[in-house]
Structure formats: C-alpha cells, structure tokens
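Notebook open, model loaded. I wanted to look at how the chains meet, then check a couple of spots elsewhere.

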Amino acid sequence: MSATGSRRRGQALVAWLFALPFVLMFGFFMLVPLASSILMSFTDFRGSDVRTPTAVEFVGLGQYLDLFGDPRFRRSLLNTGYFVLFGIPLTMAVALLLATALNTGITRFRTAFRVGFYTPVVTSIVAVAVVWRFILQPDGLLNRTLGWVGIDGPDWLHSTTWAMPALILMAAWRNMGTLMIIFLAGLQNVPSELHEAARVDGATTWQRFFRVTLPMLRPTLLLGAVLISVGYLQFFEEPFVMTQGGPLDATLSAAYYTFTQFGFGEYGTAAAASYVLFVAIAALSLVQFRLLRSED
Amino acid sequence: MMYQLNRRQALTYAFLVVAGCLTVLPFVWMLLGSVKSQGEILRDPDGWLPRSPTLDNYHVWLTELDLGTYLLNSVLVAGFVVLGNLLFCSMVGYALAKLEFPGKRVLFTLIMVTLMVPGVVTFVPLFVVVARLHLVDTYAGLILPFLISPLGVFLMRQFMRSVPDSLIEAARLDGAGEVRIFTRIMLPLSGPPMATLGILTFLSSWNNFLWPMVVAQSQDHYTLPVALSLYSTGEKATDYGLLLAGSVVVITPIVLVFIALQRWFVQGVATAGLK
C-alpha cells in the first residue's frame, strides 16, 4: 500500500515538474491578465497608473455606463454589426462556391488551386495592405477594371459609404481559404450514394445541390459560421492598416475602439469595451450552437 | 452524357482559373511593382510588366532601412516561439494525458477556458504585466507571452491520449523514468501534432504585428511587419516600389513554408477548426 502511495506521490511530483514551465507562463501571461482585465473594467485605471496600481479607484459600472454614453462606441458597435452581417454571408458563399467547384471530380491542378485560394490566409496583413491600398486608389486597378464596363468607381478608402464594403471585400479574400478547407472536408463526407439516388430520380444539378448537398452540409456550415464570426466580431486588422478607422469613423470597429482607448491611456475603458465584445462573441457562439443542436 | 460531363468540367476549370487568377492577382501585382522604379510607377500606373526591372528597392531596404536587423528579429522571435511551444506544450500535454496528479482537472479546465477568450480582452492587461516586469522594448517582452499556447496544449494532449498505455507501462517495468518515457517514447511518436503546432505558431508569430508594434519601441527590436507598417504609414508612405518590395520580403518566407508543407497546413486548419 505505502509503495503505491509513494509511487503515486512521486508521479504527482514529476507531473507538476513537467507542467511547471507552462504553468508559470500561463499564470503570468494569461491568467493574471484575464483576472485583472475583469477588475480593470470596474476601475478608472489609466496608463499613468502602471507604476502605482494602488492609486486606482473602483468606479463600479461607471466605465460601462460611460462607454454606452459615448457615441463613438455605439458607432463602433454598429460598424462591427454591419461588417459581420455582410462579411459572414459573403465569405461563406465564396468559400462554398470554391469548395463545391473543387469537389466536382476534377483531378488535375487540384492542389495548385487549393494552394492559390488559401495563400491569402497565410500572408501578413501589413504586407497585403500595401498592395490593396494601391489597388483601391481612385485610379487603381479595381476602378480601371470597373471603368472597362462603364462604372465610375469611388475613392474607396476615403468614402464614408464605400470604405466598409472595400474592407469587407478584403476580409472575404483573406478568410475564404480557411472556410474553403473546412467546407471541402464536409463535402467529401456527403455519401455519393445519395447523389446517385437523386440522379436516378431525375434531380437536376441545382436540385441535388439544394436538396442533398446543403442539408447534409448543415453542421459543417454552422461550424464555419461560428469560427468566422468569432474572428469577424474582433474585426480590427483591416481598418487598422487600411483606414485607421476612418473616414469619419466609418470603419471604426469595436476592437479598434478598444485599441484607441488603450492608446489614449484609458485602460479601464478599454477593458470594459473588450468585455462588451467578449459577451457578444460568447452570445453569438451560444446561439449558433443552439441552432446546430436543434436542427439535428 | 459523356459530352455533357466534359462541358461541365471545362466550365468548372474556367471558373477555377478565373477565381484563382483574381485571388493571386494582388501578389503578382506586388511582385511586379517591387522591381519597378518610383519614376516608372508614377509615370505608368496602368502598366503590368516592368519596363526596366530593377532591384533598387530591395537594395534600399538592405542599405538604408536596416532590413537585416528586422529580418533577424522576426526569425529570432518566431524561432523561440516555435521551440517554446513545441517543448512546453508537449511537456504539459504529456502530464495531462498520461500522468495522475492533484489539480489536473483544474489546470485542464483553466486551459480550456482561456482557449475561448478572445485576444482583445487580455491585450491591455498583458501589456500592464509586461510593463510591470520591465520587459517593454526587450526581446523577452516580444517572446515570453507567446512561448506557450492553450491550443498547443490541447493539440498535444489529445494526440498523446491516443498513445497506448501498455507502451508506457512496459517502459516503466523496464525501469525507465518519466523523463526517459517522454523523450524516448512520447516525443518520437508525436510528430504529426508537433508539425501542426509548429506551423501554426510560426505563422502567427511571423505575421503578428500589433503586439510587437506596442512592445518594440526602439528600431533595434522591430520585427519585419512592424517596420513595414511604420514605414507605410510614415515617412515612406508614397514610395510604392519600396513598400511593395518590403511586402515581398515579409510574404515570401511564409509562402515558401506554406507551399512546402501545405498538407500539414490543411491538417492544422482541420484540427484547429474542429477543437
């Protein structure tokens, strides 16, 4: 008995030694920030308080009230909603189109196409922004192409109307690859017998797509929707590198607002804003998982 | 029937080729623009092919803008981050998968909780922690917060659980200690999840720009994306050829790694997506 007991104690010691480096860094750089972000959002913590955190005062829900009183924050929530509402369906539709095309039984160049469509995902947003700013200029590549078909394109990034659509387009380009891979895996799991049966019954290609493929793909589509909405709700990089939230706050997202508050030294406000966003992300994921379960 | 199938395939290929060209077009534009002089870009913004290709833009990066330092910093940070994740996540992954110890469940639950916390929530307090530790504008400040990742632990633990207990028991009967079991049995078997983890962490470290931009305050500590971002919004904002050349330098290593290891990338997306 005592032999196994000491062996167990020995194993526990070894296990904690194995876990130690991780636990130390996890504690310092994840748990402490996570715990302090909650506390911070109920205080008036400012950048100047980093050296003397004892000078910080609790303000209760003050930060949250101020936040919703700030028209720029409300604007940033609306902008994020706009981005999510149009960005998610667009990205999913394009990804599904690409995945379906790649899954139609073509064999040659499949890998090359897949690599091509996925490349935007792995490339640095900073580098990609340089060339996109160039393409979206008033006399840039996009507007000259539109000119061929008689459309007079706007000054995308300096128009309060068109800056957001331009960023949505760019985000769809950057993220379609991830969803394409996920959808492709889902499509390959649709049993070919189902398609055969539908074909025998005289169903057209379109009917088979809408009546067989899409229903079978529902769990995969929902998984893709959850993944992408968690990312899209934190919409930040595109406006940061392309428009700095402008023009006139037209592309100021909630995550961007958080970052600007951090820049102003308003750490408490930034923490509160990030929690509002966190709640939105958690709520949306919950709704989507509910949908996923109830439809099954 | 045969004819129709072929026509459909032709249409599919046509669609894929057009979509593929549109997708990679920004990269082609970037590459071609990077070998044009500023004069040519301004004179002929419509032109595709460079009339007199030049490497001047790259030369300026190397000689005037200290590209070597930025590149070295990027490689250094990404190297440490990848090695740290591989080592520390597999160590704790082994403990969570195969060893019994008090506090195991709490630890695993905490890891799973942080997996769901978006980065924007911890960003500001993480900066406060790093500032309190006097790590602002140091390599340690750039590297330490990313040496471990909850996702990495999850990947390693899931995989290591599938290693049969009998292998480990047999080694224990032969008198092997836990360290020996870890280095001689678990690590050699864990190639696939380590490849996935290595690729995912390299990718996010190489492309990370917000954290290094805030933490690296002197030019000596800039990584490539930070340098490119600051130049493209600052003094060099209109020097298109130069900025495009910088973009090519940032993108090329990751695209090469991606093409070489694309099978593993795809698996990484599938596992990370299905967490």
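I started with polar contacts and got seven residue pairs between chain B and chain A, both residues at pLDDT 80 or more. That cut-off matters to me here, as I'm working from a predicted model. On chain B's side of the contact with chain A, helix H1(B), residues 2–34, gives the most, with 17 residues. I also sorted that side by class: 69 nonpolar, 16 polar and six charged residues.

Next I looked for salt bridges across the interface of chain B and chain A, and the rule finds zero.

How much area do chain B and chain A bury between them? I noted about 7,700 Å², with 81% of it on carbon and sulfur atoms. As for who takes part, the contact takes 91 residues from chain B and 89 from chain A.

Then I moved to helix H11 of chain B, residues 191–207. Its 17 residues reach 24 Å from the first C-alpha to the last, close to the 24 Å expected at 1.5 Å a residue. I checked burial along H11(B) too: the buried residues include Pro193(B), Met194(B), Leu197(B), Ile199(B), Leu203(B) and Trp206(B). Thr196(B), Thr201(B), Ser205(B) and Asn207(B) are also among the buried ones.

Last stop was Ala280(A), which I found in helix H12 of chain A, residues 267–295. Is Ala280(A) buried, exposed or partly exposed? I put Ala280(A) down as partly exposed because its relative accessibility is 33%, and buried would need under 20%.

Technical notes. Residues are numbered from 1 along each chain as its sequence is written. Chains are lettered from A and ligands numbered from 1 in the order in which they are written. This is a predicted model: local features need pLDDT of at least 70, side-chain atom pairs count only at pLDDT 80 or more; totals for chains, interfaces and linings use all residues. Side-chain values use heavy atoms; hydrogens and water are left out. Helices (H or I, at least four residues) and strands (E, at least two) are DSSP runs, numbered from the N terminus. The expected span of a helix is 1.5 Å times one less than its number of residues. Buried means under 20% relative accessible area, exposed over 50%, partly exposed in between (1.4 Å probe, protein chains only). Contact means heavy atoms within 4.5 Å. Buried area is the accessible area (1.4 Å probe) that two parts lose on being put together, summed over both. A salt bridge is a side-chain nitrogen of Lys or Arg within 4 Å of a carboxyl oxygen of Asp or Glu. A polar contact is a pair of N or O atoms within 3.5 Å; within protein, one must be able to donate a hydrogen and the other to accept it, and residues adjacent in sequence count only if both atoms are side-chain atoms. Ala, Val, Leu, Ile, Met, Phe, Trp, Tyr, Cys and Pro count as nonpolar, Asp, Glu, Lys and Arg as charged, and the others, Gly among them, as polar.
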